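Please open the model in your viewer and keep the selection tool handy. We will take a short walk from side chain to side chain.

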Amino acid sequence: METVTEPRSRRRMSGSERREQLIQISRTLFAEKGFDGTSIEEIAATAQVSKPVVYEHFGGKEGVYAVVVDREMQKLLGMITEALSASHSLIKLERAALALLRYIEESSEGFRILVRDSHAASGTGTFASLISEIASQVEDVLADEFAARGYDPKLAPMYAQMLVGMVALTGQWWLDVRKPGREEVAAHLVNLAWNGLTGLNPNPAITATSRDHTPPAVKPPQPRTASEKELRELEKAREKELKEAEKVRQKELKEAEKARVRELKERERLLKEAEKAREREEKIRQREARLAERAARLEQVDHPE
């Protein structure tokens, strides 16, 4: 068996440090070449170790790939979950969009690994499973919003898939183009998603024009005057919906601002209480120090050397 002698500086690396080094190297290679395009030999050669070292830590390429995929999924899921903990729905949406784009910006290699169909050996599923997991959290948010607005909460799972799918596909597109900037992309995503939700029709239906449309050979088209009349009615209805939606949006923005002010005040209050608690603890420590010093002096008086 060939013996690979490592440089003296590398032999000093601890087991946990070596494991982390192999994970980072594998992450870069998987992002660049994919699972099938990466070999144990390449991982070992890049780390300047022998193949048995990789097998010792992970049992094989499948093992290290599972660790890499699981880390990335947990990181992204954690960022999205934290974003969805905001108090206001609009803020949830904004922060979730920004969280995904920030992850793509800061962890491009990890996102490239996730958007590929994860290898079956990873044991963590595909990117689609991650999207479904995020959608299940968004589903709860939408269900509450739907109930508050009089829509059917049972439709929340479907709308959650739509919303998360839109954001995820935009992220995949932005991974390579990177223009416009992160905040601008998030603003446009929220603009489309939020303004669409605020003007949502609780009972959507296909328009009569589309429902009655058939090829001319089967059924002659409706007179032009009737079509124009319907279009005018639809336009008026849409204008009314937009005005109502804008009113709701402005109201909710004001509520969000009030909530933000309350949160800031609450934070200031907690900081003040914490500062008072620290001051009390400091006084107690000083008092105990004085008592200890006094006890020491008394002991010297009672038991002089």
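Which residues do ring pairs link into a cluster? Select Phe30, Phe35 and Tyr65: ring pairs join these residues into a cluster. Bear in mind as you look that this is a predicted model. The count of aromatic pairs comes to 6.

Now zoom in on phenylalanine 35 and tyrosine 65. Their ring centres are 4.9 Å apart and their planes stand at 70°, so this pair is edge-to-face. Phenylalanine 35 sits in the loop between α2 (15-33) and α3 (40-47) and tyrosine 65 in helix α5 (residues 61-83), so the pair ties together parts that are 30 residues apart in sequence. Phenylalanine 35 and tyrosine 65 are both buried.

Next, select tyrosine 103 and phenylalanine 111. With ring centres 6.2 Å apart and planes at 75°, this pair is edge-to-face, because planes over 60 degrees apart count as such. Tyrosine 103 and phenylalanine 111 are buried.

The charged end of lysine 61 sits over the phenylalanine 35 ring, 4.2 Å from its centre. For another charge over a ring, pick arginine 178, which lies over the face of tryptophan 174 at 5.3 Å from the ring centre.

Last stop: lysine 92, in helix α6 (residues 89-106).

Conventions:
Residues numbered from 1 in each chain as written. Predicted model: local features only at pLDDT ≥ 70, side-chain atom pairs only at ≥ 80, totals over all residues. Heavy atoms only, no water. Helix = DSSP H or I, 4+ residues; strand = E, 2+ residues; numbered from the N terminus. Phe/Tyr/Trp six-rings, centres within 6.5 Å; stacked < 30°, edge-to-face > 60°. Buried < 20%, exposed > 50% of the residue type's maximum accessible area, 1.4 Å probe, protein only. Lys NZ or Arg CZ within 6 Å of the ring centre and 35° of its normal.
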